[in-house]
Amino acid sequence: NGVERLNMATPVSVLRLPKGPDPNSRGFDPKSPRFIALCRTSISTSAASEVDSAELQREQHARSVLRETFLRCLLSMTNKKVQFHMYEKVKVEATFGASDIDVLNFQVSDLHTPIGVQKEALIRSQDVISFTFDV
Amino acid sequence: MRSAVTSVFYSLNANSELIIMAFMIANRVLPGWRTMAMRQTPLTCSGHTRPVVDLAFSGITPYGYFLISACKDGKPMLRQGDTGDWIGTFLGHKGAVWGATLNTDATKAATAAADFTAKVWDAVSGDEVLTLAHKHIVKTVSFTQDSNCLLTGGNDKLLRIYDLSNPEAAPQEIAGHSSAIKKALWCNDDKQILSAAEDKTIRLWDRSSMEEVKTLTFDTSVSSMEYMADGEILVITYGKTIAFYNALSLDLIKTVEAPAPINSASLHPEKDFFVAGGDDFKLYKFDYSTKEELESYKGHFGPVHCVRFSPDGELYASGSEDGTLRLWQTAVGKTYGLWKCVLPEDLGAENSEQLYTSTPEIKA
């Protein structure tokens, strides 16, 4: 009968389970063939049809310098008081802890807000327009 | 002395039974025999932490096809369509995401959320490209075939058409529904719009005149609506009914009754089957011509909110209140994606690979 047939049935084999999300990243692997083929680079010279390799090198160098400066800036902010200027005219001050790897969140302590001081907090970096601190 | 089997010729029939047609032993071909039936092994995609309320497939691209899932946790995810492998999470919404869609070549994604915004994303890099502010919860988003326009609808009862090449410009607005819009989509080569709302109507609008062309009224709120451009078929679900309409005339083609209230249904690209899922947590597969219920599967631990066939029809994906997506084979036992057709052990195939066999599902 039908029930017996189903119980005797062999479950279809599976090579592996689907890969789940990476807890440390939002994904969209820049090394994937699709990303490499389709992602428009923001380097203006490389988007041009005739690429001047000297110009491209200069731009790439400038990008590296800017990136390194930004990362060093994040490092030097550790344990310093930082003012965050955010949307909706929000200005808050906190002691900077760290940034996550995709620069999506900033971990801060003693966040001074109009409604009180938050001992530990995460600030969503996309809500931040700018931040300032004394070096 | 026993000889080794050197080749096996096999096939899978319509009842998901693996049939050994013939095999070769000691250089002779001998006739085969019928083996056991194959049982469906769904692939579970985890990662969401709240109910999955909407899902959509892209078209077939040179990199395969893709799947986007909308979740109440506010973090829609992109997955490889044939394996369910996670590719990335679109981060930015500040509320539950109610609707999600991909354009045909999976280069853009759009999402509708409870934070009163619809967002357009670069589906290759995961970056947010555009935020479109609305006056209330946005429930549904749909791209035109050329990806130049985005249709949105939600709790403010208005349909909005955004020109993505000129996003600063105010969208065109179509008013008419008397309650929240649940689903809106383009049809008839993007010349018309279909919308389903809590006011128990489905309305057909002309895009250029922005006027209502026809209305379908139901006794109860429609739970889902899917449009199939090839053949101009509209699949609607309400109560325990799955109804098929001509998308141009809104004439009824046929209705089918399911054993339980249905939340979503999808028609196979070749229009031979359709699948449905709803409040009893099960997935049902029906024959479209005969309306016969062919198969049903337990697996989800909560109501099924959405179900969609892949663009090649080889699998269908379901999203549930239990926070998971599951992928199901259309032809159970076929080698496709992560599923592998395995021959019975006694034959001992020459190059046997290490294969992972799922353990039987524990029935709650």
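Which side chain meets Asp85(B) in a salt bridge? In this predicted model, the partner is Arg16(A), with 2.7 Å from N to O.

**View 1. A salt bridge between two loops.** The side chains of Arg16(A) and Asp85(B) are shown where they meet. Arg16(A) belongs to the loop between strand 2 and helix 2 of chain A, while Asp85(B) belongs to the loop between strand 8 (77-80) and strand 9 (86-89) of chain B, so the pair joins two chains. Between chain A and chain B the count is 3 salt bridges, and over all chains the count comes to 18.

**View 2. A salt bridge between Arg26(A) and Asp127(B).** In this pair, which also links chain A with chain B, the closest N and O atoms are 2.8 Å apart.

**View 3. The side of chain A that touches chain B.** Here 31 residues of chain A are in contact with 49 residues of chain B. The area buried between the two chains is about 3,500 Å², and carbon and sulfur atoms give 61% of that area. Within chain A, the residues that lose the most area to chain B are Val12(A), Phe28(A) and Arg34(A), which together account for 23% of what that side buries.

**View 4. The elements of chain A that supply the contact.** At least two residues each come from helix 1 (2-8), strand 1 (10-11), strand 2 (13-14) and helix 2 (33-38) of chain A, and helix 2 gives the most, with 5 residues. When the residues on this side of chain A are sorted by class, 17 are nonpolar, 6 are polar and 8 are charged.

**View 5. Strands that pair across the two chains.** Strand 2 of chain A and strand 33 (residues 339-340) of chain B run antiparallel and are joined by 2 bridges. Opposite Val14(A) stands Trp339(B), a residue of strand 33 of chain B.

**View 6. A hairpin in chain B.** Strand 2 (residues 17-25) and strand 3 (residues 28-31) of chain B pair in the antiparallel sense over 4 bridges, and Ile25(B) has Arg28(B) in strand 3 as its bridge partner. The two strands form a hairpin with 2 residues between them, and in the turn Ala26(B) has a positive phi of about 50°.

**View 7. The surroundings of Ile137(B).** This residue lies in the loop between strand 13 (128-133) and strand 14 (138-143) of chain B. If its neighbours within four places in sequence are left aside, Ile137(B) is in contact with Trp98(B), Ala113(B), Ala114(B), Phe116(B), Gly154(B) and Asn155(B). Ile137(B) and Lys157(B) are 20 residues apart in sequence, and their C-alpha atoms are 10.0 Å apart in space.

View 8. Over residues 90-131 the chain is 0% helix and 52% strand, with the end C-alpha atoms 13 Å apart, whereas over residues 174-215 the chain is 0% helix and 57% strand, with the end C-alpha atoms 15 Å apart.

Terms used:
Residues are numbered from 1 along each chain as its sequence is written. Chains are lettered from A and ligands numbered from 1 in the order in which they are written. This is a predicted model: local features need pLDDT of at least 70, side-chain atom pairs count only at pLDDT 80 or more; totals for chains, interfaces and linings use all residues. Side-chain values use heavy atoms; hydrogens and water are left out. Contact means heavy atoms within 4.5 Å. Buried area is the accessible area (1.4 Å probe) that two parts lose on being put together, summed over both. A salt bridge is a side-chain nitrogen of Lys or Arg within 4 Å of a carboxyl oxygen of Asp or Glu. Ala, Val, Leu, Ile, Met, Phe, Trp, Tyr, Cys and Pro count as nonpolar, Asp, Glu, Lys and Arg as charged, and the others, Gly among them, as polar. Two strands pair if DSSP finds at least two bridges between them.
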